[in-house]
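This report looks at a few charged pairs and one further residue. Please view the sequence and the structure before reading on.

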Amino acid sequence: MDTKELVSPAMGWASWNHFRQDINEPIILDTARAMADSPLAAAGYEFINLDDCWQSSDRDINGELQFDAAAFPDGAQMIDQIHALGLKVSLYSSCGPMTCEDRPGSYGHEYRDAQTFANWGVDGLKYDYCHVVDQTTDETLLNKAPKVVAVECLNQGTGQRIMLPAERAVVQGGTRIEKNDYGIVFAEGLSTGTLSFEAILSPGRWVFTVTYLKEEQVNRAFLTLQLGDHSYPLWFPRSSGWSPTGRVQVIVDVPTEVTQFVLTNPIKDRATDAIFRYTQMHQAISDTAMRRPMGYFVCEHGRNKPWEWAPAFADSYRISSDIQNSWSSVVQCYERAMAVAPFAKEGCYADPDMLEVGNGQLTNIENQTHFSLWCFLSAPLILGNDLRRIADDEKTGGNALAVVTNPQLIAIDQTRPYLPAARIVAGDVDVLVKYLVDGRAAICVVNNSDTTQTMAVSLHQLPKQINGVAYEYSGRCIEEAWGQYNYHVTVDGTLEMALLPHACDVFELDAKEAPKK
């Protein structure tokens, strides 16, 4: 795992939930100004995330991603304007050849695209899982490896050439050396083994040319060149097998002397394919990080258990399909987050998706509960509503701005340990508990049902420790974070309350000051 500063869950806004593909420069700039000029920025919201459709349908003549020229005529200059407001910018791409909206993806272009993002001053990347092998219209799984005859290494700076035939390599696993009827010696079985070459490669730009046996095949074959802690992809084209051999090249900048490199195909199934795709972009971002540090937000939708591998390099990982603007979807995303909570690690956060607060379908009560749950999950707080209109929401009886800027709830999300709450009661009513390093405890009592429920929580019987933080109720101050008075505390330290359908109470225990009532 890379050494990086421990950061709290991201806070910001993303375009998809409200605008979907209908985004343009005026909308994004007006949204950024609304964030900067409202209490949102002061509350900690900082990212302006452009989701799918910011980009043109085609790359430029240099093969680089470019902004949609009609919707974003100023392109990268818009990013500078957002930075001038004191905010950050995150863009979107996909680990497939196209995005979900069929714009150019980054598969096979990871280094070029990471450099483009760095050149533009981008602060984060949401990396989606679109047009990959689980869709019937996409390329089949690249788990086939070619038969390797030799590798030539050329130092472009010095002209040094090193020719390495397959029979000089060290084979491991299922790899073996064979000879065909034409007397050509080759290595096969690289889908289940490795081919290791010993060679002294000095620092510089090297061209690796892999000679392989051509065979008739309707699908591409695949290998990675593993050099130090980096892997470089090699795609071998479909072929009629007209000639006995073919060549595939990859150009690599070698920063320090190495004495070995390895060829193998790491793709065994859908999970290893996903891990490879996301690792490739992480590697590309890391190599540009000295110029421009970028957050890396994996959006794999939980299809290949990203909670098991994304924490090694990502800042967050999606755990489910897209949230919908409904209470039932909020609950589904919450339950999914609780299911993967045992895998939580500080610095890389399970993402139950953007917030639907302020998008018009949730009630004021549901807005409060939705936001409370995300805070108790230590989830990224990414708004998904129209920030240009958020101040007008209160005029029609809405509470979106007040909800998403509640300082006590935000503090629960943004105070260590950045880990999900413990669910100590589950059912029609859930009880979530978080202990914070500043000595406070926080309790969220949620009515999941469609009827009014009563609940009692003994404060003296709370867990002794949660996420490595100890706590014991001292009988001091209790404050309800939403300013509600539907509860009381008995003489024996029991919280009793009645909750409306889909409502929640959030309590801070041992707060520094008593609430002013």
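Which side chain meets that of Lys 88 in a salt bridge? In this predicted model, the partner is Glu 46, with 3.7 Å from N to O. Lys 88 belongs to strand 3 (residues 88-94), while Glu 46 sits in the loop between helix 3 (39-43) and strand 2 (47-49), so the pair ties together parts that are 42 residues apart in sequence. Lys 88 is partly exposed, at 32% relative accessibility, and Glu 46 is partly exposed as well, at 28%.

The structure holds 22 salt bridges. Three of them are listed here.

| Salt bridge | N to O distance |
|---|---|
| Lys 88 and Glu 46 | 3.7 Å |
| Arg 176 and Glu 188 | 2.9 Å |
| Asp 438 and Arg 440 | 2.8 Å |

Arg 176 forms a salt bridge with Glu 188. This pair links distant parts of the chain, with Arg 176 in strand 8 (residues 176-179) and Glu 188 in strand 9 (residues 185-188), 12 residues apart. Arg 176 is partly exposed at 39%, whereas Glu 188 is buried at 15%. Both residues also belong to a network of salt bridges with Lys 147, Glu 178 and Glu 215.

Leu 142 lies in the loop between strand 4 (124-128) and strand 5 (148-155). Its relative accessible area is 3%, so Leu 142 counts as buried. Among the residues Leu 142 touches are Tyr 107, Arg 220, Trp 235 and Ile 267. Phe 236 is 94 residues from Leu 142 in sequence and 10.0 Å away in space, C-alpha to C-alpha.

How values were computed. Residues are numbered from 1 along each chain as its sequence is written. This is a predicted model: local features need pLDDT of at least 70, side-chain atom pairs count only at pLDDT 80 or more; totals for chains, interfaces and linings use all residues. Side-chain values use heavy atoms; hydrogens and water are left out. Helices (H or I, at least four residues) and strands (E, at least two) are DSSP runs, numbered from the N terminus. Buried means under 20% relative accessible area, exposed over 50%, partly exposed in between (1.4 Å probe, protein chains only). Contact means heavy atoms within 4.5 Å. A salt bridge is a side-chain nitrogen of Lys or Arg within 4 Å of a carboxyl oxygen of Asp or Glu. Lists of a residue's contacts leave out its neighbours within four places in sequence.
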